[in-house]
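Welcome! Below are some exercises to work through with the sequence and the model side by side. Try each task before you read its solution.

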Amino acid sequence: MEQALRIAVLAGAAWALAGLALLAVRARAYGPKSYLAAPAGSAAAGVAYAFGPGMSPTAKESTREHPGAYLTGVGYHLGVFAALACLVLLLADRPPHGAALRVLQLLTLAGAACGAGLLVKRLSVPYLRGISCADDVVANLLTTGFAALAFAATLAPGARAAFLAETTALLLYVPLGKIRHCFFFFPTRYHMGFFYGRRGTFPPGA
Amino acid sequence: MASTDGIEERLEQLQPEDFRRGLEVFRGRLREAEASYLQTCVRCGLCADSCHYYRADRELESVPAYKLGLATAVFKRHFTTMGRLAPGLVGARDFDRAMARRWVDAIFGRCSMCGRCTLNCTTGIHIAAILRAARGALAEMGLVPADLQATVDASLTTGNNMGISKQDWLETVEWIEEELQAAVGDPQARIPVDQPGARVLFTVNPREPKFFPLCLQASAAVFHAAGEDWTVASEGWDLTNYGLFSGHDGQAGAIAANLLKSMDRLGCRVLVIGECGHGFNSARWEAAEWLGRRPGFEIRSFLEVMEDYFREGRLRVDPAKHPEPVTLHDPCNLVRTGGISEPQRAILRRTVSRFVEMTPHGKDAFCCGGGGGQLSMSRFRDRRLRAGAVKAEQIRRTGARTVVAPCHNCIDQLMELNKEYKLGVAIKTVAEMVADALVSNARSQG
C-alpha cells in the first residue's frame, strides 16, 4: 500500500511540475514587456531589492502594520517547507532523528496551526470572506493537512499512508488553483522589481 | 449612483460584440508580466490598509484585492483552462453587463492608480497595471465616464485639456511676461515663445494659464534667475495626458505626440515637464510605449532641473522668506511611479526654514485622492473627498502651514480637502516657493 502511495506521490509531483511548466509557458506566450523609455535606475538593483529588503517589515508597511498576519504567513510557509523535507526524507527512507526531528516536528506543527488559523480568519473576517472563493478554502485545507500529516507521520508510522495520500492530493491540486503562486511569486516579484528599479524607485535612495 | 454621464445608458446598450472587443483589448494589453500578476494573488488581504479608499470607507469593494479580483475573475473565465472548466472553484466570472458595471464602479470609481497597493502586496502584483488594462477594455466599450473622456477629447481636438485657444494662450503668456518683468525688476525678462534651438522646451499644465497664472510666472522667474536658455511652444505646450487615466493607449499616444512634435519643430534639446505627476509619468515613461519608440531627446522633470540650478550655484534663495513650517505632498505618478523623490526635498531644504515630512512619505506616500482621473469624474466626487481624509489627517499631523505639491491635480484635490476638512493651509508648487525666496527676487505677492 505504502509503495503504491509513494508512486502516487511521485506521479503527483510530475503532474505538478508539468502543470506549472505549462502555466509558465502560457504566461511567457503573452510576450515580453516592452521597456523603451531610457532607464533612470538599475533594473537589477530593483529586482534585488524586491526579493530582499523590499519584503521586510522595515520596508513594507503591510507587514509592519499586520505583524500577526505576517508572522502567521511566515510560520505557515516554514511549516510547508518542513513538511516537504519530511516528505523527501520519507521517500528516501532516511527518517530524521534527534534535533533535526524536533525542529521538523516543531515547524510542521506550528505550520499546521498557522494554516488553520489563517483559514479561520479568512472565514470570519468579512472583507477576507468577501475576496475569497472556494479555491482559497481547498488550497488551505490541502496545505494545512500536508503540514499536519507531516507532523503526524513523524510521530506515528501509521500516519505515513495518510500523509502520502494527502500529499498526492495536494500535488494534483498545485497547478489547478492558487497554489500555483509557489511558481508565479518569482516572476511577479521579478517584474515588479524590474519595473521600479528601472524607474529609480527601487531601491529607495538610489 | 446617479447616472449623469450616460454610463448607465451605455451599459444597457452593450451588445455581445462590445464585450468581445473589450476582452480583445484587455487580452492585448497583457504581457508575460501581467499574465504572471493575474495568477499570483493569494487573497491574503494585506493590501487593504495600503489603499486610501479602503482606509476611508472600510468597504469591501475598495480593497485592492477585490478590485484586482474583478479583473482576475474575467481573465480566468475567458483566458484560462480552470476558469473555463471549473469557474465556481477558482472564482472565474463571465464578462457580462453586471461585471462591466462592477468594473466601472471599482476600476474607475475606487482607484486612483496610485500604486501604493503594489508596494504592499505580499507577492508584488502591479495592481495598477492590471487595472489600467481593464480601463482600456472599458474605453474600447465606450464606458469611460463622460467627463473624463471629454478631457481626453479636448486634448485631442484642441491640443490642450482645457480647450484654451492658441490666441488665449499667447495673450496669457504675454501678460504673464509683463508681470514677470515687474516682479523681477528686469524689462528684459522674457517668456520666450517658439524660440528655435533653445536648450529647454518647458511644458505647462493648462490649469496654470487658466486659473493659476502666478505658477507659470514663478517658473519663469526661476528660469530667469538661473539664466536658462528656454522656451514654451505656441502649440503642443500642454504636459497633461488624461489618456493615461482613460486607459486608451491610442489616444494617450496621440496626446503625447503633441509634445514630441513641438520638440521636433523647435529643435530643443531637453523636454522639461512642469510640476505634474501624471504628465511626467506619461511623457517620461509611458509615451515611448504608446508611440513604439524612444524619443531622441532627454525628458526631465522641472524639479530635477531646479535641483541642478541649485547645485550649480545658479539660484540663490533666502529660507527666512518661508519661516512657517512647510510640508511636502508626494504625487504618486511623480514619486512612486515616476522615480522623482529627492530633487524636491533637496530644493525645499534650501528654500524653507522648517521642512516637515509627512508620515509616511516618498515612495510610501498616501495618494491625495485626486489621481487616476478622479478630479474629472464628477460621479465619484463624494467618494474622492472621503478617500482624501487620509491625506488630510497626514497634513494635520505635520502642523504645517504650507503644503507644497509639485502637481496641479494634487493641488486641486488638496484645495478641496483644505475646504472639506478645514485644514487652513496654503498650497503651493515648488517653483512658487523658490520664486518667493529668490534673493534678488522682487516678485509681487498679489
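**Exercise 1. Find the residue in β4(B) that is the bridge partner of B:L271, then follow the chain between the two strands.**

Step 1. The bridge partner of B:L271 is B:I299 in β4(B). Strands here are DSSP runs of E with at least two residues, helices are runs of H or I with at least four, and both are numbered from the N terminus.

Step 2. Strands β3(B) and β4(B) run parallel and are joined by 4 bridges. Two strands pair if DSSP finds at least two bridges between them.

Step 3. Right-handed means that, with the strands pointing away from the viewer, the path from the first strand over the helix to the second runs clockwise.

Before going on, a word on the model and its labels. This is a predicted model, in which local features need pLDDT of at least 70 and side-chain atom pairs count only at pLDDT 80 or more, while totals for chains, interfaces and linings use all residues. Residues are numbered from 1 along each chain as its sequence is written, and chains are lettered from A and ligands numbered from 1 in the order in which they are written.

**Exercise 2. Decide which side chains along β4(B) are buried.**

Step 1. In β4(B), B:I299 and B:S301 point to one face and are buried. A residue is buried if 20 or more other C-beta atoms lie within 10 Å of its own, exposed if 12 or fewer, and partly exposed in between, with C-beta atoms placed from the backbone.

**Exercise 3. Work out the strand order of the open sheet in chain B and see what packs on it.**

Step 1. The order of the 4 strands is β2-β1-β3-β4 (chain B), with parallel pairing.

Step 2. Why is one side of β2 (230-231) and β4 (298-301) of chain B left without a neighbour in the sheet? Both strands stand at the edges with a single partner strand each, so one side of each has no neighbour there.

Step 3. Further in, β1 (residues 200-203) and β3 (residues 270-273) of chain B pair in the parallel sense over 4 bridges. Here B:T203 stands opposite B:I273 in β3(B).

Step 4. Helix α17 (residues 277-291) of chain B lies across β3 and β4 of chain B and runs at about 155 degrees to β3(B). Helix α18 (residues 302-311) of chain B also packs on the sheet, where α18 touches β3 and β4 of chain B, and its direction makes about 80 degrees with that of β4(B). Axes are lines fitted to C-alpha atoms, for helices over the stretch in contact, and angles run from 0 to 180 degrees between N-to-C directions; a contact means that the C-beta atoms of two residues, placed from the backbone, lie within 7 Å.

**Exercise 4. Describe chain A and its contact with chain B.**

Step 1. Chain A has 9 helices and 0 strands, and 42% of its 206 residues count as buried.

Step 2. How many residues of chain B are in contact with chain A? There are 48, and they touch 47 residues of chain A.

Step 3. On the chain B side, α3(B) gives the most, with 5 residues. By class, that side has 20 nonpolar, 17 polar and 11 charged residues. Ala, Val, Leu, Ile, Met, Phe, Trp, Tyr, Cys and Pro count as nonpolar, Asp, Glu, Lys and Arg as charged, and the others, Gly among them, as polar.

**Exercise 5. Locate some backbone features in the two chains.**

Step 1. A cis peptide bond joins A:F202 and A:P203, with omega about -20 degrees. A:P203 lies in the segment after α9 (181-198) of chain A.

Step 2. The bond from B:T359 to B:P360 is also cis, with omega near -5 degrees. B:P360 belongs to the loop between β6 (354-356) and α20 (381-387) of chain B.

Step 3. A:D93 has a positive phi, near 55 degrees, and is not a glycine. Is A:D93 buried or exposed? A:D93 counts as exposed because it has 7 C-beta neighbours inside 10 Å.
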